[in-house]
Amino acid sequence: MLTVLTSGKGAPGVTTVALGLALAWPAPVLLVEADPAGGAIRHGYGQGADLSGRGLLGWHVAARRIGAREAIWANTVRLQDECWLVPGVDAPAQAASIDYAALAATLTGIGVDVLVDAGRIPGPTGIGPLVAAADKTVVVLRSTLASVHAAQAAANHIADLAGSTSVGAIRVEADSLASVVVGAGRPYPMGDVRAAMTHAAPLAGEVAWDPTTAAALSDGGPAPRRFDATALMRSVSRLASALAPCGREQDSPVKTAGPQPVSRHGKRVEDDDHRLRHRATPPQEPATVGGAR
Ligand SMILES: Nc1ncnc2c1ncn2[C@@H]1O[C@H](COP(=O)(O)OP(=O)(O)OP(=O)(O)O)[C@@H](O)[C@H]1O
Ligand SMILES: [Mg+2]
């Protein structure tokens, strides 16, 4: 399943929500920083880690040599067990090199759930193909009037892409476009935001206002004690359960026919050999980044 996260104007928290979701996702997951404005996780959550050139630009270069799918796994870093990241480009100019249509095609059916941080829409470089390929597109917003307005515009822009021949048919059925509010009640309550977003992109949930945990995710700030129990992580965990595909036990390419997977911190833990046998391409051993946990 491919889930794209985006926003309208402002910085409502797309990268923070995408990273939080990846860490809380109830199945193996690949997070891709496709924001044409540049990646943020290396210098934030990653605290400036040396990633040995792994990232979206590395994917672009390696794809010609070893194939697009293999190049994705060669450009991942591990965030935690069964959670990988393809870091974004270093600068907006590099985004012009990225073939987003090829990226979308590569991520579709890669064998694990994929979360994409697509940045703001409309943006400087066309991320339309990613939205076109997405099973679900989530517009992130705050509960201010300006943010709701920007989110409505972003959702309408996504719907308008439906007519664009350059990105092909885009799915905008009731359940393929959704929104998530960061910090409900600041100032408008959840009910008001829900009502305002009903027709543009129905609200799928909320992310708690939690500046300390957000700073750990977005700025590499000190990790709060009991990270998984923070308000932000508990709320993204609920959101992950709401957004992750239903019927996973039947549909997942990593499903196990043997013993039930055990749960550890809300994540499935499975036999590695079995997992690798069912993944389209096993990941190479990536660097590990992130100090919040
Ligand atoms: N749940 C939250 N509670 C408090 N602060 C938050 C929350 N989520 C995000 N923030 C803060 O909001 C700011 C912007 O977050 P982030 O960088 O994730 O936004 P963005 O939408 O990805 O922005 P951009 O469009 O510039 O990439 C950061 O300082 C982050 O710590
Ligand atoms: Mg961002």
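A nonpolar core is a set of buried Ala, Val, Leu, Ile, Met, Phe, Trp, Tyr and Cys residues joined through C-beta atoms within 7 Å. A residue is buried if 20 or more other C-beta atoms, placed from the backbone, lie within 10 Å of its own, exposed if 12 or fewer, and partly exposed in between.

The model is predicted: local features need pLDDT of at least 70 and side-chain atom pairs count only at pLDDT 80 or more, while totals for chains, interfaces and linings use all residues. Residues are numbered from 1 along each chain as its sequence is written, and chains are lettered from A and ligands numbered from 1 in the order in which they are written.

**Exercise 1. Explore the largest nonpolar core.**

Step 1. Start with its 87 residues: Leu-5, Val-17, Leu-21, Ala-22, Val-116 and Leu-130 touch the most other members.

Step 2. Next, find the main contributor: helix 1 gives the most to this core, with eight residues. Helices (H or I, at least four residues) and strands (E, at least two) are DSSP runs, numbered from the N terminus.

Step 3. Now look at helix 1 itself, where eleven of eleven residues are buried.

Step 4. Finish with Leu-5, whose contacts (C-beta atoms within 7 Å) include Val-14, Val-17, Val-116 and Val-138, not counting residues up to four places away in sequence.

**Exercise 2. Describe how helix 1 meets helix 10.**

Step 1. Compare the axes, which are lines fitted to C-alpha atoms over the stretch in contact, with angles from 0 to 180 degrees between N-to-C directions. Those of helix 1 and helix 10 (residues 231–243) come within 8 Å and cross at roughly 75°.

Step 2. Name the arrangement: helix 1 is therefore roughly perpendicular to helix 10, a label for angles of 65 to 115 degrees.

Step 3. Sort the contact residues: eight are nonpolar, two polar and none charged. Here Ala, Val, Leu, Ile, Met, Phe, Trp, Tyr, Cys and Pro count as nonpolar, Asp, Glu, Lys and Arg as charged, and the others, Gly among them, as polar.

Methods. Two residues are in contact if their C-beta atoms, placed from the backbone, lie within 7 Å. Angles under 35 degrees count as roughly parallel, over 145 as roughly antiparallel, 65 to 115 as roughly perpendicular and the rest as oblique.
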